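Subject: Structure handover

Hello,

Here is the structure for your files.

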Amino acid sequence: MSTTTTRTPAPDDVSASLRGRTLPKGAALAVLALAVGAGVLLRLAGAGTVQAVLLAWVLTFLLPAWSVAVEGTRKATDRLVTTLVYSAFGLALIPLSSIIWTVLDRGSRVLGAEFFTFSMRNVVGEGGGIYHAIIGTLLITGAAAVISIPIGLFTAIWLVEYGEGTGLARWIRFLVDVMTGIPSIVAGLFAYALFVVFFGEGVRMGIGGAVALSVLMIPVVVRSSEEMLKLVPNELREASYALGVPKWRTIVKVVLPTALAGIVTGITLAIARVIGETAPLLIIAGMTDSVNFNLFDGRMATLPVFAYTSQRSPGIPPEFSLERAWGAALTLLVIVMVLNLIARLVSYYFSPKGER
């Protein structure tokens, strides 16, 4: 009497039969290595960088072509879309990395203690620094934030918590959207026209620049804060109301802490939006070579205006002024990075523990 033994398929065999034929695990890396290697060889052969990059990019599409032959059209379509997404990401990195490299390369040459602690007062040619422009940038941007953040945040709270569904809320949203697309030069002209009414023609002062920047900053704060407040679940509000908590206290203790991380991020984006503006500050804040700590008296230098004027009128010899312009641009980038870092820390430490 003979017995027949039936082998139970291993789990790996079952899953492989369900998946069908697939490419090897290292297929994507192999195609990428082939593409990069071909691009490097073409570059070493004397071709241009653009030609080498294009060849490497075209060769990456060998992966979806290989997938068609092995896995079928469905999986190949997925790999094709994945390749296109990564290609778009790489394309976006090209100008970004180029800007960062150029600013670092040219701006780092002038960095030093003198560059950050001296102004341009009585300096011709070599020497001097951007101390006066740093002070002006921090004061004007800080004043713009003091003006914009309360107005923008309170407007967003009213739109979400009090005015939802009303005609006035729809009109406010429409006006905020219109303000978002206002050119910066219009904000500068508005601030100049406003201050001319009180101080006469030719007025130049730092607070005017803060008002101009606040016109650009308020709509960004409103829209970003509104979207973050909308993401707060209504169940949290209803639970607070069920306990007898007033609406204003629910907003302060429940809604705002829940949306704090997104609100801080939006405010940081708004500050980054205005800190590099040049046109409105040229009109109303002006330019000076001296340090000015008073927002309400006289011209005030800022980093973007300093970089623009140094590039626009470099003087003789021009190389020193151009180096200072690149140094000011690099300093502005560093300030924006520090602001983003501070925003991240604030979001982390003040957000609810479950959202960290």
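The radius of gyration is 29 Å, whereas a compact globule of 356 residues would have one near 21 Å. Please bear in mind that this is a predicted model. Along the principal axes, the C-alpha trace spans about 115 × 75 × 35 Å.

As to secondary structure, the protein has 15 helices and zero strands. Of the contacts between residues at least 6 apart in sequence, 69% join residues at least 24 apart.

On burial and surface: 37% of the 356 residues are buried. The accessible surface is about 20900 Å², and carbon and sulfur atoms account for 68% of that. There are 27 positive and 21 negative charges, and their mean positions lie 5 Å apart.

The largest nonpolar core holds 42 residues. Those touching the most other members are Ile 140, Phe 195, Val 203, Met 217, Leu 229, Leu 256 and Ile 263. Two or more residues of this core come from each of helices H7 (131-162), H9 (184-199), H10 (206-230), H12 (247-275) and H13 (279-284). H10 gives the largest share, with 10 residues.

Another core, of 15 residues, lies apart from the largest one; Ile 134, Phe 306, Ala 328 and Ile 335 are among its members.

Regards

Key
Residues numbered from 1 in each chain as written. Predicted model: local features only at pLDDT ≥ 70, side-chain atom pairs only at ≥ 80, totals over all residues. Heavy atoms only, no water. Helix = DSSP H or I, 4+ residues; strand = E, 2+ residues; numbered from the N terminus. Rg over C-alpha atoms; globule rule 2.2 N^0.38 Å. Buried < 20%, exposed > 50% of the residue type's maximum accessible area, 1.4 Å probe, protein only. Contact = heavy atoms within 4.5 Å. Areas by Shrake-Rupley, 256 points an atom, 1.4 Å probe, with all protein chains shown as cover. Lys, Arg positive; Asp, Glu negative; His and termini not counted. Charge placed at Lys NZ, Arg CZ, Asp CG, Glu CD. Core = buried A, V, L, I, M, F, W, Y, C linked by side-chain atoms within 4.5 Å.
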